[in-house]
Amino acid sequence: MSLRPLLILAAAVLAAGCSSLDSLNPFASSAPKMAELPPIPSAAEVRVVWKENAGKGENYVFTPAVSGNAIFVAGAKGDVLRIEDGVVRWKVNVGVPLSGGVGSDGRRVVVGSAKGDVLLLDAADGKEIWRAKVSSEVLAAPAVDAALVVVRSGDNRLYAFDVADGKRKWVYQRQTPPLSLRTFAAPLVDGSYVFAGFPGGKLLAVTTNNGASAWEGTVALPKGTTELDRVADITSAPILAGRMICAVAYQGRVACFDLNTGNLAWARDMSSAAGLAADSRYVYVADDKGAVHALDLASGASIWKQDKLAHRQLTAPAARGRLVAVADVKGVVHFLSREDGAFVARVNTDGTPVTAPLRVVDNRFVLQTWGGTVMALEVQ
């Protein structure tokens with residue numbers, strides 16, 4: 001069975017069959033039919049501001065990193081690029097195939113390999129500064145701040161390295177369920193904590209100084225009689241929303257917690273493997289059936305729902321100004337109104353899936369396709 005790379009079950013699950021997950025696999029023979037795209041009356045114009053190619057993603061999800069007006073991207077063959085206003089400032093090949101990336105704080109760029117290599121480059125010129133090693137493949141974009149590089153390994157461990165020399169500072173490990181989804185969910189560093197979602201529906205806050213668990217929030221409770229039914233994993237990155245941290249789980253809920261205490265602010269039943277975004281008013285979620293939801297940031301109350309993209313395997317939303325953008329498995333980018341979810345515009349890319357979350361740079365949306373196309377889009 002050929003699975004979309006965002007969600008790949010462990011070999012034991014594949015051997016047992018995974019028909020209950022066919023809705024997440026656009027290539028499965030029994031997968032629900034994708035919705036035809038409705039026409040958009042008086043559609044706004046979408047301008048391709050610039051376009052580059054980072055190399056194919058192959059079986060991995062490469063998420064662009066943004067710092068100011070600099071965008072850092074990578075491809076599976078080992079190329080890493082710095083792009084500013086559509087101009088490639090540098091391009092290097094790190095000498096190993098890559099599987100995860102990209103993380104950056106604007107001064108450093110970090111990528112990872114399927115063999116557990118972690119490489120830190122100088123953001124100014126792409127020169128390699130150091131390499132380190134983790135226990136298994138690096139699928140998620142590393143997190144970088146002034147002191148640490150935090151890397152999630154494929155076996156769901158968190159590694160913290162000194163940003164200056166690559167020396168390992170600590171490792172966080174927890175017991176995981178017998179079956180879990182392969183995840184490209186990046187950790188998030190904010191102040192004194194590293195936030196990361198784990199199999200079993202748990203959102204963890206880990207202290208940056210020693211890797212100790214500070215608090216644990218329940219985003220989903222596994223349900224059902226079989227191990228497959230009980231898969232309830234957080235497969236997307238958590239997001240900051242004011243003084244809250246929010247996450248969503250497959251076969252679970254979307255939930256927001258107090259950033260410092262872990263106290264639950266609100267939760268709503270909703271299954272998503274793609275992820276979520278937030279602005280000053282709303283939380284936006286793309287669920288597993290292809291609907292996009294806007295929820296009130298303070299209470300979780302439903303504001304609107306756009307359900308005309310059923311089974312199109314949407315990315316996590318990205319929000320900027322009056323627009324919310326999602327992309328799909330056919331490489332189509334959809335722009336919705338922030339106020340009511342109505343379609344505003346639509347544009348095709350290169351026809352290959354978009355699996356990585358879109359990024360916002362100024363008033364533009366930046367995306368990277370499975371085929372390696374990196375582009376900046378602007379709605380007129």
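At 16% relative accessibility, Ser104 counts as buried, a term that means under 20% relative accessible area, with exposed meaning over 50% and partly exposed in between (1.4 Å probe, protein chains only). The model is predicted: local features need pLDDT of at least 70, side-chain atom pairs count only at pLDDT 80 or more, and totals for chains, interfaces and linings use all residues. Residues are numbered from 1 along each chain as its sequence is written, and side-chain values use heavy atoms, with hydrogens and water left out.

Ser104 belongs to strand E7 (residues 100–104). Strands (E, at least two residues) and helices (H or I, at least four residues) are DSSP runs, numbered from the N terminus. The side chain of Ser104 reaches the backbone nitrogen of Gly106 at 3.0 Å, and one of its polar atoms lies 2.7 Å from the backbone oxygen of Arg108. Both are polar contacts, that is, pairs of N or O atoms within 3.5 Å; within protein, one atom must be able to donate a hydrogen and the other to accept it, and residues adjacent in sequence count only if both atoms are side-chain atoms. Leaving aside neighbours within four places in sequence, Ser104 is in contact (heavy atoms within 4.5 Å) with Ala65, Phe72, Val109 and Val144.

The structure holds 10 aromatic pairs. Rings of Phe, Tyr and Trp (its six-membered ring) pair if their centres lie within 6.5 Å; planes under 30 degrees apart count as stacked, over 60 as edge-to-face and the rest as tilted. In the pair of Phe72 and Trp90, the ring centres are 6.3 Å apart and the planes stand at 40 degrees, so the pair is tilted. This pair links distant parts of the chain, with Phe72 in strand E4 (residues 70–74) and Trp90 in strand E6, 18 residues apart. Phe72 is buried at 0% relative accessibility, and Trp90 is buried with a relative accessible area of 8%. Another tilted pair is formed by Tyr284 and Trp304, with 6.3 Å from centre to centre and 40 degrees between the planes. Tyr284 lies in strand E25 (residues 282–286) and Trp304 in strand E27 (residues 302–306), so the pair ties together parts that are 20 residues apart in sequence. Tyr284 is buried at 0% relative accessible area, and Trp304 is buried at 6%.

Rings also take part in other arrangements. Ring pairs link Tyr193, Phe195, Trp215 and Phe257 into a cluster. The charged end of Arg174 sits over the ring of Phe198, 5.8 Å from its centre; the criterion is that NZ of Lys or CZ of Arg is within 6 Å of the ring centre and within 35 degrees of the ring normal. Likewise, Arg346 lies over the face of Phe343, at 5.6 Å from the ring centre.

Six bridges join strand E5 (residues 79–84) to strand E6 (residues 87–93), and the two run antiparallel; two strands pair if DSSP finds at least two bridges between them. Val80 has Val92 in E6 as its bridge partner. Two residues lie between the strands of this hairpin, where Asp85 takes a positive phi near 50 degrees.

An open sheet of four strands has the order E2-E34-E33-E32, with antiparallel pairing. Strand E2 (46–53) and strand E32 (359–361) stand at the edges, each with a single partner strand, so one side of each is left without a neighbour in the sheet. E2 is joined to strand E34 (residues 373–379) by seven bridges, and Val48 has Leu377 in E34 as its bridge partner.

Two further residues complete this account. Ser272 is found in the loop between strand E23 (264–269) and strand E24 (275–278), and is buried with a relative accessible area of 0%. Its side chain reaches the backbone nitrogen of Gly275 at 3.2 Å and the backbone oxygen of Ala286 at 2.6 Å. Thr207, in strand E18 (residues 202–207), is buried at 17%. The side chain of Thr207 makes a polar contact with the side chain of Asn209 at 3.2 Å.
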